[in-house]
Amino acid sequence: MADESTAKPEIIPWPDRIRRSGELKVFPGPGFSGSVWGTDLDRAIAALNQLLKDKCIALVFRKSDAEAGSQITAETIPGTGLHGSAVLSLVGSGDRERLGALKLRVPTTPRIGSVDVGPPVRLHILVHELIHCIGLTNAAHSQDDVFIGKLVIAVGGTVNGKTLPPDGSGSVPPLTLGAKTLTNIKRAWELPPPAAAAR
Ligand SMILES: [Zn+2]
């Protein structure tokens, strides 16, 4: 997401019943599944699920074959940028504001100059947008991991004797969840313990 605002909340969570279900379903829309992104979604979901599992967060993303019942619909929009966006539908207001549905949008043909970006860049963009789909807004962007706010891709230079490829695949940020992102994911997704379990 390109828009940066510190006035906005860092978190807009899903309703409790969805968080309790432990999963978010992603429906790849027709334009998305037939695009260069189609095969990336499985890899992005698998990569993020592994990161969440490693951190003991009870959330699994699943690809769905029906829009009905899916919290997230993935779409492409014409463009060559390196930013996706998540369009929110909200329910409630103020402290009670919750996500109602999400459209995850990525540019049809992301490019660096005249070169189509490589799969590692697309994977980064998708995993980043999926993290937005947990309920993290632009205000929660990090500086050091896959949820970095400003994606800087270096191409053509040399690092450790290797030339960075023109498709950006040599310089994407690591597919990791840093401390800040992890904290915000927990804030967005984890529910307080049930009252019955409280002392
Ligand atoms: Zn973002």
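Which residue in S3 is the bridge partner of Phe27? Thr73 in S3 is the partner.

1. Basis. This is a predicted model: local features need pLDDT of at least 70, side-chain atom pairs count only at pLDDT 80 or more, and totals for chains, interfaces and linings use all residues. Residue numbers start from 1 along each chain as its sequence is written.

2. Make-up. The protein has 5 helices and 9 strands. Helices (H or I, at least four residues) and strands (E, at least two) are DSSP runs, numbered from the N terminus. In sequence order the pattern is α-β-α-α-β-β-β-β-β-β-α-β-β-α. The radius of gyration is 17 Å, close to the 16 Å that the globule rule gives for 199 residues, so the protein is as compact as a globular protein of that length. That radius is taken over C-alpha atoms, and the rule is 2.2 Å times the number of residues to the power 0.38. The C-alpha atoms fill a box of roughly 60 × 35 × 30 Å along the principal axes.

3. Contacts and burial. Two residues are in contact if their C-beta atoms, placed from the backbone, lie within 7 Å. Take the contacts between residues at least 6 apart in sequence: 74% of them join residues at least 24 apart. Of the 199 residues, 32% count as buried. A residue is buried if 20 or more other C-beta atoms lie within 10 Å of its own, exposed if 12 or fewer, and partly exposed in between; here too the C-beta atoms are placed from the backbone.

4. The sheet. An open sheet holds 5 strands in the order S2-S1-S3-S5-S4, with mixed pairing. Strands S2 (60-63) and S4 (85-91) are the edges, and each pairs on one side only. Neighbouring strands are turned by 25° against each other on average, direction ignored. Two strands pair if DSSP finds at least two bridges between them.

5. Inside the sheet. S1 (residues 23-28) and S3 (residues 72-77) run parallel, joined by 3 bridges. Here Val26 stands opposite Ile72. S3 also pairs with S5 (residues 98-107) in the parallel sense, over 6 bridges. Thr73 stands opposite Lys103 in S5. Strands of a sheet pair through backbone hydrogen bonds, either parallel or antiparallel.

6. Helices across the sheet. H3 (residues 40-54) lies across S1, S2 and S3, at about 165° to S2. H4 lies across S2, S4 and S5, at about 165° to S5. Axes are lines fitted to C-alpha atoms, for helices over the stretch in contact, and angles run from 0 to 180 degrees between N-to-C directions.

7. Helix H5. In H5 (residues 179-189) the buried residues are Thr181, Asn184, Ile185, Ala188 and Trp189. They cover an arc of only 115° around the axis, which puts them on the same side of H5. The arc is that of the directions from the helix axis to the C-beta atoms. Their cover includes H1 (16-21) and H4 (119-132).

8. Asp167. Where is Asp167? This residue lies in the loop between S9 (162-163) and H5. Asp167 is buried, with 20 other C-beta atoms within 10 Å. Leaving aside neighbours within four places in sequence, Asp167 is in contact with Ile112, Val115, Asp116, Val117 and Gly118. The C-alpha atoms of Asp167 and Val121 are separated by 8.1 Å, though these residues are 46 apart along the chain.
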